[in-house]
Amino acid sequence: MATITASVYTSHVPAIGAAMDLGKTQEDYWKPLFAGYEFSRRWMRDHKPDVVLLVYNDHATAFSLDMIPTFAIGTAAHEGYGARPVPVVKGHPELASHIAQSVIQQDFDLTIVNKMDVDHGLTVPLSLMCGEQDPATGSWPCPVIPFAVNVVQYPVPSGQRCFNLGQAIRKAIESYDEDLKVQIWGTGGMSHQLQGARAGLINREWDNRWLDQLINDPVACARIPHIEYVREAGSEGIELVMWLIARGAMSDIQEGRVVGPAPKLRHRFYHVPASNTAVGHAILENS
Ligand code: DHB
Ligand code: FE
């Protein structure tokens, strides 16, 4: 049986990818940010998963305004990549197809994407957790199943729906008939607004309270309506609902309630500024 061993949460700021690609990580501006991921990179090497299911949002790379799936799963053997010089992402078609089958049968409508280009939303979290990789000779430590969520064009899915979907994904993974260690990552956020009169908005207090709640009271966190994200965390702060998919997939949650011991918090980090965004990061391990 496949199991979810841990969940990882991290922002995906494109400038972080550029800082790595251009060798700027030790500059004064970026050093404290990358210091916050040193533990995570060691942890990643010590807890290498067989597969990562990476929940992220596409930024008009695979999907334009012509076609906007709410939830899409990448089932290809190899996914593309955007403008960054990073290795191609290898998928896991068997597990991805199984998740699609199981989750759709649990009444969540997924769009199945057999060929998908992935962008910074997916590659920046991989770079943060796995470090620099040579695009020609390097490779990511394991196959990655891209799971795209529309948080760009309204209407976006609610935090509650994302949390429920996470529970369905865990059922799917635990019914896969091969001993695989799977990590689920929730990415994007934290507070930021890239447009309009409030561009540049950051809300440290709200971000940290939200992170407390995600970790310690995820059922209440899931009830936060989308309008609160927009008001408190800015128009792009809504990306945080994707973290609730990963949190809902942890083994303390069943049928929307807490049924078991809380996962172990291995790491938590928060840093401002990074480009226009507050960067948040956490690692939870199932007991
Ligand atoms: C920035 C953050 C994002 O989440 C994104 O998708 C693009 C840009 C930024 O902080 O600049
Ligand atoms: Fe984004």
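Which residue forms a salt bridge with arginine 247? Aspartate 252 does, with the closest N and O atoms 2.8 Å apart. This is a predicted model, in which local features need pLDDT of at least 70, side-chain atom pairs count only at pLDDT 80 or more, and totals for chains, interfaces and linings use all residues. Side-chain values use heavy atoms, with hydrogens and water left out, residues are numbered from 1 along each chain as its sequence is written, and chains are lettered from A and ligands numbered from 1 in the order in which they are written.

**Salt bridges**

- The whole structure holds five salt bridges (a side-chain nitrogen of Lys or Arg within 4 Å of a carboxyl oxygen of Asp or Glu).
- Aspartate 252 and arginine 247 are both buried (under 20% relative accessible area; exposed is over 50%, partly exposed in between, with a 1.4 Å probe and protein chains only).
- Glutamate 285 meets arginine 266 in a salt bridge at 2.9 Å, N to O.
- Glutamate 285 sits in strand β13 (residues 277-285) and arginine 266 in strand β12, so this pair ties together parts 19 residues apart in sequence. Strands (E, at least two residues) and helices (H or I, at least four) are DSSP runs, numbered from the N terminus.
- Glutamate 285 counts as buried at 12% relative accessibility, whereas arginine 266 is partly exposed at 29%.
- Aspartate 212 and arginine 268 also pair, at 2.7 Å, N to O. Aspartate 212 is in helix α7 (residues 204-216) and arginine 268 in strand β12 (residues 264-274), 56 residues apart.
- Aspartate 212 is partly exposed, at 34% relative accessible area. Arginine 268 is partly exposed too, at 31%.

**Iron site**

- His12 (NE2), His59 (NE2) and Glu239 (OE) coordinate the iron ion (ligand 2) at 2.1 to 2.4 Å. Donors are N, O and S atoms within 2.8 Å of the metal (3.2 Å for Na, K and Ca); water is not among the atoms, so sites may look incomplete.
- Along the chain, the donors of this ion follow the spacing H-x46-H-x179-E.
- Histidine 59 lies in the loop between β2 (51-56) and β3 (71-74), and glutamate 239 in the loop between α9 (226-233) and α10 (241-248), so the pair ties together parts 180 residues apart in sequence.
- Histidine 59 is partly exposed at 26% relative accessible area, but glutamate 239 is buried at 4%.

**Glutamate 178**

- Glutamate 178 lies in the loop between α6 (159-174) and β9 (181-187).
- Its relative accessible area is 39%, which makes glutamate 178 partly exposed.
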